[in-house]
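The questions below go through a structure one topic at a time. Each answer ends on the item asked for.

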Amino acid sequence: MLVIAVEHMRWLDSMREAAADRYLCLDYLTAVDRIDRIDVIARVLNPMNGAGVEYCTSVGDGSLSSITSVFPAASWHERETAEMFGVKFVGMVDPRALLLRTPIGAPPLLRSTVLATRATAAWPGTAEPGGSPGRRRLLPPGVPEGWPAT
Amino acid sequence: MTPHHVIALIPDACTSCMLCVRECPSWSISLDSHTEQVSEPGARRPRTINVLDGFRIDYGTCMYCSICIEVCPFDALHWDVGIDQSATVRADLVHDETRLSEHRTDQR
């Protein structure tokens, strides 16, 4: 799959160009938390031959142009990405929350968001093989130092 | 509908090394173990081994990502054919070592 990195200012223009090149179907749009930045990724498909292209951009100040004017189907994905990663899509047609009935105060899929259950539950990996309590202070994989998890 | 495949355990192959417990992204695995001294003929000193007391996978939170299978150094965890894992109470979604080893079949 061809991956095209674009400047966030050219996000909407890139989608227009993709649609003009007959990539008329939006497969998905989502975000990835790279710790130092948030990347937004959109895959578009050419329905005539099944070819796909992935567009990727780094969100600058946390906001990005909505692409619903080009791909109306992006609305669902933008609602999810806004809710889960805190990305603001300028010009969203439907800004309602998609999945969470009540907001939890922070975008849940950002790595910096402490999940309440993780902070309060005991990690089962603290014991050493053989059952003795660990001498080293271990953190669960992927958990940043200083988390309240253990 | 074909049942979802399950992660099954061979308790005799488990050395209680804790790798699967620590790598599980959803904290779905827990195990209890203790150490025992084993004397072997000809050995100068008894050997200390880990003995598995209990092993549980919580299928209520397991994502079936198979990281535990990947990291197990002794292939004690493996994919097995699916069984009906539905339960009427939440606690029954936690499968212990007996139930996890009952998953083993010859259909692999």
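Q: What area is buried between chain A and chain B, and what share of it do carbon and sulfur atoms give?
A: Buried area is the accessible area (1.4 Å probe) that two parts lose on being put together, summed over both. In this predicted model, local features need pLDDT of at least 70 and side-chain atom pairs count only at pLDDT 80 or more, while totals for chains, interfaces and linings use all residues. Residues are numbered from 1 along each chain as its sequence is written, chains are lettered from A and ligands numbered from 1 in the order in which they are written, and side-chain values use heavy atoms, with hydrogens and water left out. Between chain A and chain B the buried area is about 1100 Å², and the share from carbon and sulfur atoms is 58%.

Q: How many residues does each chain bring to the contact?
A: Contact means heavy atoms within 4.5 Å. The contact takes 17 residues from chain A and, from chain B, 15 residues.

Q: Which side chains form the salt bridge between A and B?
A: A salt bridge is a side-chain nitrogen of Lys or Arg within 4 Å of a carboxyl oxygen of Asp or Glu. Across the interface of chain A and chain B this rule finds 1 salt bridge. Its N to O distance is 3.7 Å, and its partners are A:Glu128 and B:Arg22.

Q: By class, which residues make up the side of chain A that touches chain B?
A: Ala, Val, Leu, Ile, Met, Phe, Trp, Tyr, Cys and Pro count as nonpolar, Asp, Glu, Lys and Arg as charged, and the others, Gly among them, as polar. The side of chain A that touches chain B has 10 nonpolar, 4 polar and 3 charged residues.

Q: In what order do the 4 strands of the open sheet in chain A lie?
A: Strands are DSSP runs (E, at least two residues), numbered from the N terminus, and two strands pair if DSSP finds at least two bridges between them. The pairing in this sheet is mixed. The order is β1-β4-β3-β2.

Q: Why does the pair A:Arg43 and A:Asp27 tie together parts that are apart in sequence?
A: The closest N and O atoms of this salt bridge are 3.5 Å apart. A:Arg43 lies in strand β3 (residues 38-45) of chain A and A:Asp27 in strand β2 of chain A, so the parts tied together are apart in sequence by 16 residues.

Q: Which residue is the bridge partner of B:Ile57 in β5(B)?
A: In chain B, 3 strands form an open antiparallel sheet in the order β2-β3-β5. Strand β3 (residues 47-58) of chain B pairs with β5(B) over 2 bridges. The partner of B:Ile57 there is B:His95.
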